[in-house]
Amino acid sequence: MRTSRTLITLLVALALIAAPVAASTLGGDRARPERRVANVIAGSASLPVAAPGEVSATTPSRAAPAPLSALSPPLFTAPWATLVPPPLVSQRLDPVLARRNAARAALRRALAAARRDDAAVLVDKRRALPARYVPRDLVVPRVTFLAGVPEEGRMLRRRPARALERLFAAARRDKVPLAAVSGFRSYGSQQALFSGYASERGTENASHVSARAGHSEHQTGLAVDVSGANGRCAAESCFAGTRPARWLAAHVARYGFVVRYPRGREQTTGYEYEPWHLRYVGPALAATATRTDRTLDELLRRR
Ligand SMILES: [Zn+2]
């Protein structure tokens, strides 16, 4: 009895194993391979078993299929690594090309830094600020002002204000005491100033020395006029060549300023030489302007 029960159990097991093999051999279950593939993709079944008569190198396993990320190094990374071309010999050996590329990269970094400081703005004779534009972070820097500078003209945006404090401190250490002459100027104040110049010397002549309302850098809160502490030649052409003017030309870039309207660049800037008018652009862009001898117009136009 026990023997016959064991025999029956064996026969049933053999029948269960033989059935799919027979169906597969006869091609009777066309849906089966598809179902197997679908199960493998879904990660719920083992890898497909080779059909009878085929030799498979794959050992059937009940483990879930490996994720694609695990497959990617041998499948993708290695071929790509071998396909990346080495730098061209001309790029590696040509010092002029290498210097030019390095200069471009430095300029890109400097412009990005100026943008982060919100100091990459270009205001000139063609580009104007809206009449109602007033910077939100105006503060009064802790520096010496010439007597009579109104409250509005003492203000600068926060970042240039802090930079100006450091600049004045450095000048004091070098025994070149400075004074601030004019900082922020609203649209209305600029309008009044330009009208004054225009009635004095005519509109055309006034436009060489003063900006029309909306076109002044002073409205940005990033520009400041500086003189020596005695106020001699403040914001006048005779300031050129004085000791404070020379000191400013040599040191302002370190504190993030440029002399915005340099000598001999009237064609580019639209203004006569103003050794007193400093414009904050941040240390990186100021260094680039100094190193490349380019005005802010040349650095910021078409960018
Ligand atoms: Zn100015």
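The legends below describe close-up views of a predicted model of one chain.

**View 1. The whole chain and the confidence of its prediction.** The chain has 303 residues, of which 24% count as buried, and it contains twelve helices and six strands. The average pLDDT of the chain is 79, and 69% of the residues score at least 70. Over residues 18–62 the pLDDT stays under 50, and the model gives this stretch 27 contacts beyond four places in sequence. Residues 65–82 also have a pLDDT below 50, with five contacts in the model beyond near neighbours in sequence. Where pLDDT is low, the predicted coordinates should not be read in detail.

**View 2. The open sheet of four strands.** The strands follow the order S3-S4-S6-S5, and their pairing is antiparallel. S3 (178–182) and S5 (257–261) stand at the edges with a single partner strand each, so one side of each is left without a neighbour in the sheet. On average, and with direction ignored, neighbouring strands of this sheet are turned by 45° against each other. Helix H9 (residues 243–251) packs on the sheet, where it touches S3, S4, S5 and S6 (274–280), and its direction makes about 35° with that of S6.

**View 3. Strand S4 and its two pairings.** Strand S4 (residues 223–228) runs antiparallel to S3 and is joined to it by four bridges. Within this pairing, alanine 179 has serine 227 of S4 as its bridge partner, while leucine 178 stands opposite glycine 228 of S4. S4 also pairs with S6 in the antiparallel sense, over three bridges, and here the bridge partner of aspartate 225 is histidine 277 in S6. Strands of a sheet pair through backbone hydrogen bonds, either parallel or antiparallel. Six of the six residues of S4 are buried, so the strand is largely enclosed by the rest of the structure.

**View 4. Serine 237 in the loop between S4 and H9.** Serine 237 is found in the loop that lies between S4 and H9. Glutamate 274 is 37 residues away from serine 237 in sequence, yet their C-alpha atoms are 7.1 Å apart in space.

**View 5. The buried face of helix H11.** In helix H11 (residues 283–292), the residues Leu285, Ala286, Thr288 and Ala289 are buried. Seen down the axis of H11, its buried residues fall within an arc of 160°, so they line one face of the helix. An α-helix has 3.6 residues a turn, so residues three or four places apart point the same way. The elements that cover the buried residues of H11 include helix H5 (95–116), strand S5 and helix H12 (296–300). Just after H11, aspartate 293 takes a positive phi of about 55°.

**View 6. Helix H5 and the residue that follows it.** At 1.5 Å a residue, the 22 residues of H5 should span 32 Å, and the end C-alpha atoms of this helix are 31 Å apart, which agrees with that expectation. Aspartate 118 follows H5 and has a positive phi, near 60°. H5 is also among the elements that cover the buried residues of H11.

Technical notes. Residues numbered from 1 in each chain as written. Predicted model: local features only at pLDDT ≥ 70, side-chain atom pairs only at ≥ 80, totals over all residues. Pairing = 2+ DSSP bridges. Axes fitted to C-alpha atoms, helices over the stretch in contact; angles between N-to-C directions. Contact = placed C-beta atoms within 7 Å. Buried ≥ 20, exposed ≤ 12 C-beta atoms within 10 Å, placed from the backbone. Arc of directions from axis to C-beta. pLDDT = per-residue confidence, 0-100. Expected span 1.5 Å × (residues − 1).
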